[in-house]
Amino acid sequence: MPGTTEERKLKLTENKLKYFIRIFSFDLKMESWLTGEFVHSLPFLVGGTEFEFGIFPIGFDEESRGHVSVFLVNNSEWVVNVEMEVEVGKKKASDTCDVSSRSSRGWSKFYGHDDLGKDDDAIDADGLLAVSATISLMWGEVTEERNNSEKAEEGLRSEVEDLKIKIESLEANQASKMTQLNKNLTAKFKTLEVSSKKSSLPGPECPICFEEMKPPTRIIQCRSGHLVCQECKERPQVVICPTCKQEFTGRAIGMENYLKTILG
């Protein structure tokens with residue numbers, strides 16, 4: 001989160017990543033934030049699957065109030081199995097688990113506030129909390145959508161490679177044909193880019209009706225940034241966010257414009 005965190009990552013292997021996140025003014029957040037409010041990291045990829053971290057200064061819910069909660073969120077459309085290790089100061093925790101699509105796994109009572117206050121390695125004199133995590137992707141579910149996307153992408157890559165070979169063989173004396181092949185190559189690359197982008201960035205799902213919120217759907221957000229579609233928000237029985245129980249603040253214009261940009 002710009003202005004709230006400082007983040008960096010270290011790729012260890014194709015399916016293993018070490019992530020570092022420093023949260024500014026964490027001591028003040030522990031005093032003034034509400035239960036359920038959280039700091040989320042920037043999205044990051046491990047083995048082609050998108051993740052992010054959610055860190056709750058006061059606790060995930062009333063049961064975990066007085067603790068720092070840490071969760072790994074699976075932003076993809078498929079189930080994955082991960083091995084994760086999280087470290088805050090002298091506190092470490094690890095787990096190997098399945099994480100469903102658009103779901104999270106972690107620790108609601110990762111670090112109690114009393115113990116955290118005694119750990120000089122966790123929060124520095126300026127109130128900054130340092131978190132490090134190692135995430136290994138053990139396997140990912142092959143859904144029909146993902147499988148079809150990968151097959152289409154593989155086919156496009158194969159066509160591109162064939163065009164490259166033809167260009168190399170005709171370079172010497174067939175300049176006119178090479179020009180046409182270059183045009184075809186460019187078109188294939190554009191198709192591949194659009195296909196890859198759309199397959200890796202699906203639209204968010206409304207937690208009430210479970211429909212994807214793609215343009216021109218109007219999207220409503222709550223104080224914590226959770227999203228629902230306007231049609232569900234206008235139901236009489238929907239008065240607060242079903243995810244965090246906080247009030248709605250209005251249209252998520254930024255998200256709607258972003259989805260128009262990437263999904264058309």
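**Pocket, cores and local geometry of a predicted model**

Among the elements lining the second largest pocket, β1 contributes the most, with three residues. The model is predicted: local features need pLDDT of at least 70, side-chain atom pairs count only at pLDDT 80 or more, and totals for chains, interfaces and linings use all residues. Residues are numbered from 1 along each chain as its sequence is written, and side-chain values use heavy atoms, with hydrogens and water left out.

The second largest pocket holds about 180 Å³ of space. A pocket is defined on a 1 Å grid over the protein atoms alone, as an open set of points where a 1.4 Å probe fits, with protein on both sides within 12 Å along at least five of seven lines. Lining residues have an atom within 4 Å of a point. Grid points are joined across faces, edges and corners, and a volume is the space filled by probe spheres set on the points. The lining consists of Lys9, Lys11, Thr13, Glu14, Lys16, Leu17, Leu45, Val46, Gly47 and Gly48. Two or more of these residues come from each of β1 (5-13), β2 (16-23) and β4 (44-46). By class, the lining has four charged, three polar and three nonpolar residues. Here Asp, Glu, Lys and Arg count as charged; Ala, Val, Leu, Ile, Met, Phe, Trp, Tyr, Cys and Pro as nonpolar; and the others, Gly among them, as polar.

Six helices and 13 strands make up the secondary structure of the protein. These are DSSP runs numbered from the N terminus (helices H or I, at least four residues; strands E, at least two). Of 264 residues, 39% count as buried. Buried means under 20% relative accessible area, exposed over 50%, and partly exposed in between, with a 1.4 Å probe and protein chains only. The protein exposes about 15100 Å², of which carbon and sulfur atoms supply 48%. Areas come from the Shrake-Rupley method with a 1.4 Å probe. Among contacts (heavy atoms within 4.5 Å) with a separation of 6 or more, 56% join residues 24 or more positions apart.

The largest nonpolar core has 35 residues. Such a core is a set of buried Ala, Val, Leu, Ile, Met, Phe, Trp, Tyr and Cys residues joined through side-chain atoms within 4.5 Å. Phe26, Phe44, Phe53, Leu116 and Leu129 have the most contacts inside the largest core. Beyond four places in sequence, Phe44 touches Lys9, Leu17, Tyr19, Thr49, Glu50, Phe51, Glu52, Phe53, Leu72 and Ile135. A second, separate core has 17 residues, including Met213, Cys229, Ala252 and Leu259.

Glu256 lies in helix α6 (residues 253-263). Glu256 counts as buried because its relative accessibility is 7%. Its contacts beyond four places in sequence are Thr217, Arg218, Ile219 and Arg251.

Several backbone features fall in loops. Pro215 and Pro216 are joined by a cis peptide bond, with omega about 10°. Pro216 sits in the loop between α4 (175-200) and β11 (219-222). Phe210 lies in the loop between α4 and β11. Its phi is near 65°, a positive value in a residue other than glycine. With a relative accessible area of 55%, Phe210 is exposed. Arg102, in the loop between β8 (91-99) and β9 (104-112), has a positive phi near 55°. Arg102 is partly exposed, at 33% relative accessible area.

Thr4 precedes β1. Thr4 and Val39 are 35 residues apart in sequence, yet 8.1 Å apart in space, C-alpha to C-alpha. Leaving aside neighbours within four places, Thr4 is in contact with Arg22, Ile23, Phe24, Lys29 and Val39.
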